[in-house]
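Subject: Structure for you to look at

Hello,

Here is the structure I said I would pass on. My notes on its aromatic rings follow below.

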Amino acid sequence: MTTVSGAAGAVTKGLDAEAYRRMYTLMCVTALADQKSVAESKAGRLQAAFYPIRGMEAVCAALGEVLEPRDRLVSTYRNLGDALAKGVSLRSIMAELYGRRAGLSRGKGGPMHLQDPALGFSATTGIVGSGLPIAAGLAMAAQLDDDGTATVVTFGDGATSIGAWHEAMNFAGLWQLPLVFVCQNNQWGEHTPIARYAANTDLAARAAVYNVPAETVDGFDPLAARAALAAAVARARAGEGPSFLEFRHYRLTGHTGTADFSYVPEDELKAAMQRDPAPTFRTWLLEHGHMAAVQLDEIEAQARATVDDAFGYAAGCELPAASDIYTDVFADDSWVRSLHND
């Protein structure tokens, strides 16, 4: 098992100014949209629960740099950054959260069921760990087709205690599937700290027993995340088998947008906030001369405009009609017509 370290920017080979711009932009848009979604959730204006991703922005930005539209991504209900990383429109994401017809699932799926297969954002699931066997199936299909793509599945640390994780790991290791397991270890399984529910908190070590190369990576560092993901995705595309990446960071907010998180130790949260991904990356970009303050200010202003536009658009979209309840549920409308005939 290899551990990828610490300080932001440890691995910068092959990156140019535009890559830094893209990564910082995605981190800013994700953080701002996340914060506004939490506020809208608390105000009761969203149509379903929202699951914040604060603290995970660095890994999302790295995914956005590494994955191509042809690659497949399976996510969880904590999926805002994953969807943006795969190129999904923020407008369509927010319309779904508001339960509007213009949403990705026409306003009927909510945040637990975002998907855009055309962009390779294949599925999101509301059951902890349930995306893992789905991703294994997609990876096996890619292997059989020999299409040279990678499948990536994201999940939280809590999912590693679910049976589906062990099944997917064993399946991927046995068949050497082109699958990258991305564990967002934010230290909390809902309201329970990892040491209280996992007998072995070294998740990469647990994964390695399935004949899958495993690494522990600094989840606050977008460049370390990018380097680890690039290597793992390249292995998958080359037919060299699966990888497991445990990104260690910290959840900077509650389990849901309205959840109390006073149970989080104050000193732990304070220490984690010192490494808040977007502000930390901004400081690194400045200190290493990759971008000027005025450029970063412009990115942040554009990110705010993008987020304001998406929320304004979504709130103004029409709601689904009552008749839409049957749309996209049945292969044809014969069942519905039989109801009316009765």
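Rings of Phe, Tyr and Trp (its six-membered ring) count as a pair if their centres lie within 6.5 Å; planes under 30 degrees apart make the pair stacked, over 60 edge-to-face, and the rest tilted. Phe155, Trp165, Phe181, Tyr210 and Phe244 form one aromatic cluster.

This is a predicted model, in which local features need pLDDT of at least 70 and side-chain atom pairs count only at pLDDT 80 or more, while totals for chains, interfaces and linings use all residues. Residues are numbered from 1 along each chain as its sequence is written, and side-chain values use heavy atoms, with hydrogens and water left out.

The whole structure holds 10 aromatic pairs. Trp188 and Tyr263 are edge-to-face, because their ring centres are 5.3 Å apart and their planes stand at 65°. Trp188 is in strand 6 (residues 188–189) and Tyr263 in the loop between strand 9 (243–248) and helix 10 (266–273), so this pair ties together parts 75 residues apart in sequence. Helices (H or I, at least four residues) and strands (E, at least two) are DSSP runs, numbered from the N terminus. Trp188 is buried, at 7% relative accessible area, whereas Tyr263 is partly exposed, at 28%. Buried means under 20%, exposed over 50%, and partly exposed in between (1.4 Å probe, protein chains only).

Phe281 and Trp284 are stacked, because their centres are 6.0 Å apart and their planes at 15°. Both lie in helix 11 (residues 277–287), 3 residues apart, about one turn of the helix. Phe281 is buried at 1% relative accessibility, and Trp284 is buried at 7%.

Regards
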